[in-house]
Amino acid sequence: MPIEDVAGTVKELIEAGKVKYLGLSEAGPETIRKAHAVQPVSVLQTEYSLFERDVEELLPVLRELGIGFVAYSPLGRGFLTGTAKPAGEYDATDMRNGDPRWQPGNFEKNIEAVRQLTDLAAAKDATVAQLALAWLLARGDDIVPIPGTRSVARVEENNAAADLTLTTDDLDAIARILPTGGFGAAMRAAECPPGSDRPGGLRPPHSQSRSGWPHPRGHPPLTRSNDDFRGRG
């Protein structure tokens, strides 16, 4: 179905007072512009973290159009919590078993990167997860990370990232450790189907339009539940 038709339907629902906003998930620039021309898009939701950076090429488009950004899996699907295990040690249904970032060669490099990030975080009396979330928050006021968790303690830990200030030196140090994302992340570009307008590494299966999301600006950060695999084994 053309995205213009979807946006038009949501526009009718908004005008009828049944929903408030139009949001998109894992859409590329062409899809975003087409939908926005019919009904202003409130937010785009896509994976974004120190380990997954492909979406950065979309940020200028979003800011041009005044669209907020919701970053799911902001903790690198658990890698940025310090709890990652090699591929094959997860449940057979766990997607990380097939993710290039968890494969031999890349996994060891990513573990070393997380170790360096953990040391940097410890110097600031923070956890590596808080460092990763603070990095996202420092990318712009229009970016809201939504880490998932199963415990109150993790919610409190994640929320505390909003109070962690990263200096220019901190950001430079992070950039030296992971300048373009996790090792193996670029290999995921092959997952995009021919003709897709999504940035190279965005996975296509969940792309869809969604309605009813509030605009991230002013929305309480770091409390939305999403599957970031924290605590999963």
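Student: Which handedness has the β-α-β unit that β1, α2 and β2 make?

Tutor: This is a predicted model, where local features need pLDDT of at least 70, side-chain atom pairs count only at pLDDT 80 or more, and totals for chains, interfaces and linings use all residues. Side-chain values use heavy atoms, without hydrogens and water, and residues are numbered from 1 along each chain as its sequence is written. Helices (H or I, at least four residues) and strands (E, at least two) are DSSP runs, numbered from the N terminus. A crossover is right-handed if, with the strands pointing away from the viewer, the path from the first strand over the helix to the second runs clockwise; the unit of β1, α2 and β2 is right-handed.

Student: Which residue of β2 stands opposite Gly23?

Tutor: Strands pair if DSSP finds at least two bridges between them. β1 and β2 (residues 43–47) are parallel, with three bridges. Opposite Gly23 stands Val43.

Student: Why are the buried residues of α7 on the same side?

Tutor: The buried residues are Asp170, Ala173, Ile174 and Ile177. The arc uses directions from the helix axis to the C-beta atoms. They lie on the same side of α7 because they cover an arc of only 100 degrees.

Terms used:
Buried < 20%, exposed > 50% of the residue type's maximum accessible area, 1.4 Å probe, protein only.
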